Amino acid sequence: VTIGGPLNPALDGMLSTILKTWREIRQGAGAEWASHYWPNVRKLMSYIRATWDPDNDGVLDGEQPNTYDIEFYGTNMFIGALWLAALRATEEYARLQGEFALAEELHALFRSGSEGYDRALWNGEYYIQILGPDDPREQQYLTGCLADQLLGQWWAHQLDLGYLLPPERVKTTLRSILKYNLRHGFEGYDPEERPFANGDDTGLLIIAWPDGQQPERPTRYHDEVWTGIEYQVAAHCIYEGMIDEGLALTEAVRNRYDGVKRNPYNDVECGDHYARAMSGWNIYEALAGYRFDAIDHSLSFAPAQQDQPFRGPFVAGTGWGNVEIEPSGHTSLTMRAGALRLERLSLPGLGAHVTVELNGSPLDHQITGGVLTIDIDLQVGDNLVVA
(Lines give C-alpha, C1' and ligand atoms only; values in the text may rest on other atoms or scores of the structure.)
Protein backbone atom coordinates (compact mmCIF):
# COMPACT_ATOMS: atom_id res chain seq x y z
CA VAL A 1 0.00 0.00 0.00
CA THR A 2 1.39 3.40 -0.93
CA ILE A 3 0.43 6.57 0.94
CA GLY A 4 1.97 8.95 -1.53
CA GLY A 5 5.53 9.78 -2.41
CA PRO A 6 7.92 8.35 -4.98
CA LEU A 7 7.45 4.86 -6.38
CA ASN A 8 11.17 4.13 -6.47
CA PRO A 9 13.45 3.71 -3.42
CA ALA A 10 14.55 6.98 -1.83
CA LEU A 11 18.05 7.97 -2.94
CA ASP A 12 18.72 9.98 0.22
CA GLY A 13 17.90 6.84 2.18
CA MET A 14 20.41 4.78 0.19
CA LEU A 15 23.15 7.35 0.70
CA SER A 16 22.35 7.64 4.39
CA THR A 17 22.52 3.85 4.73
CA ILE A 18 26.13 3.98 3.53
CA LEU A 19 26.89 6.70 6.07
CA LYS A 20 25.17 4.81 8.89
CA THR A 21 27.11 1.66 8.06
CA TRP A 22 30.42 3.54 8.28
CA ARG A 23 29.26 5.16 11.51
CA GLU A 24 28.64 1.75 13.09
CA ILE A 25 32.09 0.55 12.07
CA ARG A 26 33.63 3.59 13.74
CA GLN A 27 31.51 2.87 16.81
CA GLY A 28 33.00 -0.58 17.23
CA ALA A 29 30.98 -3.02 15.11
CA GLY A 30 34.23 -4.90 14.49
CA ALA A 31 36.30 -6.20 11.58
CA GLU A 32 34.09 -9.24 10.98
CA TRP A 33 30.95 -7.10 10.78
CA ALA A 34 32.70 -4.61 8.47
CA SER A 35 33.89 -7.38 6.13
CA HIS A 36 30.45 -8.98 6.10
CA TYR A 37 28.67 -5.81 4.94
CA TRP A 38 31.36 -4.47 2.62
CA PRO A 39 30.06 -6.34 -0.48
CA ASN A 40 26.60 -4.84 0.11
CA VAL A 41 27.94 -1.29 0.38
CA ARG A 42 30.16 -1.80 -2.65
CA LYS A 43 27.17 -3.09 -4.64
CA LEU A 44 24.95 -0.22 -3.51
CA MET A 45 27.57 2.37 -4.46
CA SER A 46 27.99 0.74 -7.88
CA TYR A 47 24.22 0.86 -8.39
CA ILE A 48 24.01 4.54 -7.45
CA ARG A 49 26.90 5.42 -9.77
CA ALA A 50 25.43 3.49 -12.70
CA THR A 51 21.92 4.87 -12.18
CA TRP A 52 22.56 8.54 -11.39
CA ASP A 53 26.12 9.24 -12.56
CA PRO A 54 26.57 7.31 -15.82
CA ASP A 55 28.91 10.00 -17.21
CA ASN A 56 31.17 9.58 -14.14
CA ASP A 57 31.54 13.31 -13.46
CA GLY A 58 30.66 13.05 -9.77
CA VAL A 59 27.40 15.02 -10.15
CA LEU A 60 24.14 13.05 -9.96
CA ASP A 61 21.41 13.61 -12.54
CA GLY A 62 17.88 12.50 -13.31
CA GLU A 63 14.95 11.62 -11.08
CA GLN A 64 16.09 11.51 -7.45
CA PRO A 65 13.37 10.07 -5.18
CA ASN A 66 13.71 11.23 -1.58
CA THR A 67 12.07 11.33 1.82
CA TYR A 68 10.36 14.63 1.16
CA ASP A 69 7.93 12.14 -0.43
CA ILE A 70 8.69 13.56 -3.87
CA GLU A 71 11.43 13.42 -6.47
CA PHE A 72 14.07 16.09 -6.94
CA TYR A 73 15.46 16.57 -10.44
CA GLY A 74 18.55 18.16 -11.88
CA THR A 75 21.48 19.21 -9.74
CA ASN A 76 20.68 19.91 -6.08
CA MET A 77 22.75 20.05 -2.91
CA PHE A 78 20.33 18.11 -0.69
CA ILE A 79 21.12 14.90 -2.56
CA GLY A 80 24.52 16.25 -3.66
CA ALA A 81 26.02 16.74 -0.20
CA LEU A 82 24.77 13.33 0.96
CA TRP A 83 26.33 11.82 -2.15
CA LEU A 84 29.67 13.54 -1.54
CA ALA A 85 29.67 12.35 2.08
CA ALA A 86 28.80 8.80 0.99
CA LEU A 87 31.65 8.85 -1.52
CA ARG A 88 34.10 9.83 1.21
CA ALA A 89 32.71 7.21 3.61
CA THR A 90 32.94 4.48 0.98
CA GLU A 91 36.47 5.61 0.16
CA GLU A 92 37.49 5.17 3.80
CA TYR A 93 35.61 1.86 3.99
CA ALA A 94 37.46 0.63 0.88
CA ARG A 95 40.80 1.50 2.47
CA LEU A 96 39.82 -0.45 5.57
CA GLN A 97 39.05 -3.46 3.37
CA GLY A 98 42.36 -3.13 1.51
CA GLU A 99 40.80 -2.04 -1.80
CA PHE A 100 43.14 0.88 -2.33
CA ALA A 101 42.58 1.25 -6.10
CA LEU A 102 38.83 1.64 -5.54
CA ALA A 103 39.51 4.12 -2.72
CA GLU A 104 41.58 6.30 -5.04
CA GLU A 105 38.90 6.05 -7.74
CA LEU A 106 36.22 7.18 -5.31
CA HIS A 107 38.37 10.03 -4.03
CA ALA A 108 38.89 11.31 -7.58
CA LEU A 109 35.13 11.10 -8.15
CA PHE A 110 34.54 12.99 -4.90
CA ARG A 111 36.89 15.80 -5.95
CA SER A 112 35.21 16.07 -9.34
CA GLY A 113 31.75 16.05 -7.79
CA SER A 114 32.63 18.60 -5.13
CA GLU A 115 33.94 21.03 -7.72
CA GLY A 116 31.00 20.33 -10.04
CA TYR A 117 28.30 20.92 -7.44
CA ASP A 118 29.99 24.02 -6.08
CA ARG A 119 30.48 25.51 -9.52
CA ALA A 120 26.92 24.80 -10.68
CA LEU A 121 24.88 25.70 -7.59
CA TRP A 122 26.62 28.45 -5.58
CA ASN A 123 24.71 31.74 -5.88
CA GLY A 124 26.89 33.79 -3.56
CA GLU A 125 24.79 33.09 -0.44
CA TYR A 126 23.78 29.43 -0.58
CA TYR A 127 23.33 26.50 -2.95
CA ILE A 128 20.34 26.47 -5.30
CA GLN A 129 18.84 23.83 -7.61
CA ILE A 130 19.50 23.73 -11.36
CA LEU A 131 17.09 21.85 -13.62
CA GLY A 132 17.67 20.57 -17.11
CA PRO A 133 15.43 21.75 -19.98
CA ASP A 134 13.31 18.60 -19.85
CA ASP A 135 13.10 18.21 -16.08
CA PRO A 136 9.68 18.59 -14.40
CA ARG A 137 9.16 21.88 -12.56
CA GLU A 138 6.54 20.72 -10.06
CA GLN A 139 7.67 20.07 -6.46
CA GLN A 140 11.11 21.59 -7.07
CA TYR A 141 12.69 24.49 -5.14
CA LEU A 142 14.94 26.13 -7.77
CA THR A 143 16.28 29.39 -6.26
CA GLY A 144 14.94 28.60 -2.79
CA CYS A 145 17.11 28.32 0.31
CA LEU A 146 16.67 24.74 1.56
CA ALA A 147 17.20 24.37 5.32
CA ASP A 148 18.93 21.00 5.11
CA GLN A 149 20.94 21.54 1.95
CA LEU A 150 24.10 20.78 3.98
CA LEU A 151 22.81 17.58 5.57
CA GLY A 152 25.72 15.69 4.04
CA GLN A 153 28.26 18.10 5.51
CA TRP A 154 26.69 17.62 8.95
CA TRP A 155 27.22 13.88 8.50
CA ALA A 156 30.79 14.45 7.33
CA HIS A 157 31.68 16.42 10.45
CA GLN A 158 30.42 13.60 12.68
CA LEU A 159 32.39 10.98 10.75
CA ASP A 160 35.65 12.95 10.37
CA LEU A 161 35.30 12.99 6.58
CA GLY A 162 36.43 16.59 6.21
CA TYR A 163 34.84 19.39 4.23
CA LEU A 164 32.81 18.41 1.20
CA LEU A 165 32.67 21.98 -0.12
CA PRO A 166 34.71 25.16 0.43
CA PRO A 167 34.62 25.84 4.20
CA GLU A 168 33.79 29.53 3.90
CA ARG A 169 30.87 28.76 1.60
CA VAL A 170 29.60 26.18 4.07
CA LYS A 171 29.63 28.83 6.83
CA THR A 172 28.01 31.43 4.57
CA THR A 173 25.28 28.96 3.63
CA LEU A 174 24.46 28.34 7.30
CA ARG A 175 24.25 32.08 7.93
CA SER A 176 21.92 32.42 4.94
CA ILE A 177 19.68 29.61 6.22
CA LEU A 178 19.33 31.42 9.54
CA LYS A 179 18.81 34.76 7.79
CA TYR A 180 16.13 33.63 5.37
CA ASN A 181 14.47 30.54 6.87
CA LEU A 182 14.20 31.46 10.56
CA ARG A 183 10.74 32.91 11.17
CA HIS A 184 9.84 34.79 14.36
CA GLY A 185 6.10 34.57 14.93
CA PHE A 186 3.55 32.39 13.13
CA GLU A 187 0.37 34.33 13.89
CA GLY A 188 -1.93 33.95 10.92
CA TYR A 189 0.49 31.63 9.18
CA ASP A 190 -1.34 29.00 7.11
CA PRO A 191 0.90 26.17 5.81
CA GLU A 192 -0.35 23.99 2.99
CA GLU A 193 -0.40 20.79 5.04
CA ARG A 194 0.68 20.74 8.72
CA PRO A 195 1.15 23.57 11.25
CA PHE A 196 4.00 22.56 13.57
CA ALA A 197 4.45 26.13 14.78
CA ASN A 198 1.96 28.89 15.58
CA GLY A 199 1.40 32.05 17.58
CA ASP A 200 4.62 33.64 18.81
CA ASP A 201 6.75 30.57 18.05
CA THR A 202 10.13 30.81 16.35
CA GLY A 203 10.93 28.11 13.80
CA LEU A 204 13.07 27.27 10.80
CA LEU A 205 11.10 26.98 7.58
CA ILE A 206 12.04 24.11 5.28
CA ILE A 207 12.47 26.46 2.30
CA ALA A 208 12.48 30.24 1.86
CA TRP A 209 12.66 32.16 -1.42
CA PRO A 210 14.59 35.41 -0.74
CA ASP A 211 14.18 36.51 -4.35
CA GLY A 212 10.40 36.06 -4.20
CA GLN A 213 10.43 33.49 -7.00
CA GLN A 214 8.58 30.69 -5.24
CA PRO A 215 7.44 28.16 -7.87
CA GLU A 216 3.73 27.83 -8.52
CA ARG A 217 3.86 24.26 -7.18
CA PRO A 218 6.83 24.24 -4.81
CA THR A 219 8.46 21.41 -2.91
CA ARG A 220 6.17 19.53 -0.58
CA TYR A 221 6.36 20.61 3.10
CA HIS A 222 8.24 23.79 2.14
CA ASP A 223 6.33 25.93 4.66
CA GLU A 224 6.65 23.57 7.65
CA VAL A 225 9.14 23.49 10.52
CA TRP A 226 10.72 20.18 11.57
CA THR A 227 12.70 19.88 14.78
CA GLY A 228 14.92 17.19 13.26
CA ILE A 229 16.24 19.66 10.70
CA GLU A 230 16.44 22.48 13.24
CA TYR A 231 18.60 20.35 15.54
CA GLN A 232 20.80 19.35 12.60
CA VAL A 233 21.33 22.97 11.54
CA ALA A 234 21.98 23.99 15.16
CA ALA A 235 24.61 21.29 15.64
CA HIS A 236 26.20 22.16 12.31
CA CYS A 237 26.43 25.80 13.36
CA ILE A 238 28.30 24.73 16.49
CA TYR A 239 30.70 22.59 14.43
CA GLU A 240 31.46 25.68 12.36
CA GLY A 241 32.16 27.83 15.42
CA MET A 242 28.78 29.62 15.25
CA ILE A 243 28.01 28.66 18.84
CA ASP A 244 25.62 31.48 19.75
CA GLU A 245 23.59 30.88 16.60
CA GLY A 246 23.39 27.14 17.24
CA LEU A 247 22.30 27.58 20.84
CA ALA A 248 19.74 30.25 19.92
CA LEU A 249 18.13 27.93 17.38
CA THR A 250 18.10 25.11 19.93
CA GLU A 251 16.45 27.40 22.47
CA ALA A 252 13.79 28.38 19.92
CA VAL A 253 12.89 24.72 19.40
CA ARG A 254 12.75 23.94 23.11
CA ASN A 255 10.60 27.02 23.73
CA ARG A 256 8.05 25.48 21.37
CA TYR A 257 8.22 22.22 23.34
CA ASP A 258 8.33 23.81 26.78
CA GLY A 259 5.78 21.61 28.53
CA VAL A 260 3.08 24.27 28.28
CA LYS A 261 2.61 24.66 24.54
CA ARG A 262 3.66 21.11 23.66
CA ASN A 263 4.92 17.90 25.25
CA PRO A 264 8.68 18.36 25.92
CA TYR A 265 9.25 14.63 25.41
CA ASN A 266 7.43 14.33 22.08
CA ASP A 267 8.72 16.28 19.10
CA VAL A 268 5.94 15.96 16.53
CA GLU A 269 6.70 15.90 12.83
CA CYS A 270 5.00 13.33 10.62
CA GLY A 271 3.71 11.75 13.83
CA ASP A 272 4.33 11.47 17.55
CA HIS A 273 7.92 10.84 18.72
CA TYR A 274 9.23 11.25 15.19
CA ALA A 275 12.69 9.72 14.76
CA ARG A 276 14.33 12.67 12.98
CA ALA A 277 14.32 14.60 16.27
CA MET A 278 17.01 12.20 17.52
CA SER A 279 19.45 14.43 15.66
CA GLY A 280 19.16 16.63 18.77
CA TRP A 281 21.71 14.42 20.55
CA ASN A 282 24.38 15.66 18.15
CA ILE A 283 24.03 19.20 19.53
CA TYR A 284 25.60 17.87 22.70
CA GLU A 285 28.33 16.05 20.79
CA ALA A 286 29.11 19.21 18.83
CA LEU A 287 29.34 21.24 22.05
CA ALA A 288 31.65 18.60 23.52
CA GLY A 289 33.75 18.40 20.37
CA TYR A 290 33.35 14.66 20.84
CA ARG A 291 34.73 12.07 18.43
CA PHE A 292 35.22 8.33 18.89
CA ASP A 293 36.75 5.94 16.38
CA ALA A 294 36.99 2.28 17.36
CA ILE A 295 39.05 1.55 14.24
CA ASP A 296 42.14 3.27 15.63
CA HIS A 297 40.92 3.34 19.26
CA SER A 298 40.89 7.13 19.42
CA LEU A 299 38.80 9.47 21.53
CA SER A 300 38.79 13.25 21.39
CA PHE A 301 37.14 16.17 23.12
CA ALA A 302 37.28 19.83 22.10
CA PRO A 303 34.55 21.73 23.99
CA ALA A 304 33.12 24.59 22.00
CA GLN A 305 33.27 26.90 25.04
CA GLN A 306 36.77 26.24 26.31
CA ASP A 307 36.75 29.15 28.77
CA GLN A 308 34.13 27.29 30.85
CA PRO A 309 34.27 23.96 32.71
CA PHE A 310 32.77 21.11 30.71
CA ARG A 311 31.06 18.16 32.38
CA GLY A 312 28.94 15.52 30.75
CA PRO A 313 28.62 11.95 29.49
CA PHE A 314 30.37 10.36 26.55
CA VAL A 315 28.81 7.43 24.73
CA ALA A 316 31.22 5.27 22.76
CA GLY A 317 30.18 2.13 20.93
CA THR A 318 31.56 -0.25 23.54
CA GLY A 319 30.94 1.69 26.74
CA TRP A 320 30.03 5.00 28.29
CA GLY A 321 31.16 7.24 31.09
CA ASN A 322 31.61 10.80 32.29
CA VAL A 323 34.16 13.42 31.34
CA GLU A 324 35.15 16.60 33.16
CA ILE A 325 37.39 19.17 31.48
CA GLU A 326 38.53 22.34 33.23
CA PRO A 327 39.64 25.50 31.36
CA SER A 328 43.14 24.75 32.71
CA GLY A 329 43.11 21.50 30.71
CA HIS A 330 42.73 19.21 33.74
CA THR A 331 40.66 16.28 32.47
CA SER A 332 39.01 13.37 34.26
CA LEU A 333 37.50 10.43 32.39
CA THR A 334 35.47 7.84 34.34
CA MET A 335 33.99 4.63 32.91
CA ARG A 336 30.43 3.86 34.06
CA ALA A 337 29.51 0.87 31.87
CA GLY A 338 31.03 -1.41 29.28
CA ALA A 339 34.69 -1.18 28.31
CA LEU A 340 36.82 1.06 26.14
CA ARG A 341 40.04 0.26 24.33
CA LEU A 342 41.99 3.51 24.18
CA GLU A 343 45.24 4.20 22.34
CA ARG A 344 44.91 7.86 21.35
CA LEU A 345 43.32 10.71 23.30
CA SER A 346 43.00 14.27 21.97
CA LEU A 347 42.21 17.07 24.40
CA PRO A 348 42.15 20.90 24.19
CA GLY A 349 45.47 22.60 24.94
CA LEU A 350 47.35 19.34 25.40
CA GLY A 351 50.94 20.38 25.98
CA ALA A 352 54.17 18.42 25.79
CA HIS A 353 54.43 18.03 29.57
CA VAL A 354 51.42 16.46 31.26
CA THR A 355 50.88 13.89 33.98
CA VAL A 356 48.67 10.91 33.24
CA GLU A 357 47.24 8.69 35.96
CA LEU A 358 44.97 5.66 35.88
CA ASN A 359 43.18 5.12 39.19
CA GLY A 360 45.80 7.26 40.92
CA SER A 361 48.85 5.47 39.48
CA PRO A 362 51.17 7.00 36.83
CA LEU A 363 50.58 5.72 33.30
CA ASP A 364 53.15 5.44 30.53
CA HIS A 365 52.34 7.78 27.67
CA GLN A 366 53.71 9.86 24.82
CA ILE A 367 52.67 13.17 23.30
CA THR A 368 52.83 13.25 19.50
CA GLY A 369 51.44 16.16 17.53
CA GLY A 370 49.24 17.24 20.42
CA VAL A 371 47.76 13.75 20.79
CA LEU A 372 48.22 11.64 23.89
CA THR A 373 49.32 8.12 22.98
CA ILE A 374 48.53 5.50 25.62
CA ASP A 375 47.70 1.79 25.75
CA ILE A 376 44.86 0.91 28.09
CA ASP A 377 41.59 -1.00 28.34
CA LEU A 378 39.24 1.04 30.50
CA GLN A 379 36.79 -0.97 32.58
CA VAL A 380 33.82 0.01 34.74
CA GLY A 381 34.98 2.29 37.55
CA ASP A 382 38.33 3.17 35.99
CA ASN A 383 39.34 6.82 36.27
CA LEU A 384 41.82 8.40 33.84
CA VAL A 385 43.22 11.80 34.77
CA VAL A 386 45.28 14.06 32.52
CA ALA A 387 46.69 17.19 34.13
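Reply: What follows describes the pair of helices and then the nonpolar core.

This is a predicted model, in which local features need pLDDT of at least 70 and side-chain atom pairs count only at pLDDT 80 or more, while totals for chains, interfaces and linings use all residues. Residues are numbered from 1 along each chain as its sequence is written, and side-chain values use heavy atoms, with hydrogens and water left out.

Helix α1 covers residues 11-26 and helix α2 residues 31-52, and the two pack at an angle of about 155° with their axes 11 Å apart; helices here are DSSP runs of H or I with at least four residues, numbered from the N terminus, and axes are lines fitted to C-alpha atoms over the stretch in contact, with angles from 0 to 180 degrees between N-to-C directions. Because angles over 145 degrees count as roughly antiparallel, α1 is roughly antiparallel to α2. Where they meet (heavy atoms within 4.5 Å), α1 contributes L11, M14, L15, I18, T21, E24 and I25, whereas α2 contributes W33, A34, V41, L44, M45, Y47, I48 and W52.

Leaving aside neighbours within four places in sequence, W83 is in contact with residues including L15, M45 and I48. W83 is also, with Y68 and V233, among the residues with the most contacts inside the largest nonpolar core, which has 86 residues; such a core is a set of buried Ala, Val, Leu, Ile, Met, Phe, Trp, Tyr and Cys residues joined through side-chain atoms within 4.5 Å, buried meaning under 20% relative accessible area with a 1.4 Å probe, protein chains only. The largest share of this core, 13 residues, comes from helix α3 (residues 77-96).

Technical notes: Buried means under 20% relative accessible area, exposed over 50%, partly exposed in between (1.4 Å probe, protein chains only). Angles under 35 degrees count as roughly parallel, over 145 as roughly antiparallel, 65 to 115 as roughly perpendicular and the rest as oblique.
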